[in-house]
Amino acid sequence: MTAEPLPLAATSLFRAVMVAAGWRCQCTGQCGHGHTRTEARCPRTHGGRVLLMAAPADPSTSERAAAGLPADALRAWCSGCHTAARRTTSRPEPATQDGLFDL
């Protein structure tokens, strides 16, 4: 028995983001690197060994919220910049409790 290929989802959304980005990572320093050699923009482009992803422009957006975003709220990211930007983005502090059973 051979497995049937799965259909690709959201390809038109991905393409819209990549075309708007010129098929280039849109990080402009959110990852913590100034990208000083490339006019403050990540030099990675789609092709070769670099794969870009369409991810929220705000790296602190949860994955659940990101799934419903339109193309204009997404940005082309290389994996290195996106991971670093998510790490450096401040996230809200979890609620603290004074007592053991306080809600």
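Mentor: A residue is termed buried under 20% relative accessible area, exposed over 50% and partly exposed in between, with a 1.4 Å probe and protein chains only. The structure is a predicted model, in which local features need pLDDT of at least 70, side-chain atom pairs count only at pLDDT 80 or more, and totals for chains, interfaces and linings use all residues. Residues are numbered from 1 along each chain as its sequence is written, and side-chain values use heavy atoms, with hydrogens and water left out.

Trainee: Why is T61 called buried?

Mentor: The relative accessibility of T61 is 17%, and the limit for buried is under 20%; T61 therefore counts as buried.

Trainee: Where does T61 lie, and with which residues is T61 in contact beyond its neighbours within four places in sequence?

Mentor: T61 is in the loop between β1 and α2 (63-66). Contact means heavy atoms within 4.5 Å, and the partners of T61 beyond those neighbours are P56, A66, L69 and R86.

Trainee: Which residues of helix α3 are buried, and what covers them?

Mentor: In α3 (residues 79-88), the buried residues are C81, H82, A84 and A85. Their cover includes β1 (52-56) and β2 (74-78).

Trainee: How many of the chain's residues are buried, as a percentage?

Mentor: Of the 103 residues in the chain, 23% are buried.

Methods
Helices (H or I, at least four residues) and strands (E, at least two) are DSSP runs, numbered from the N terminus.
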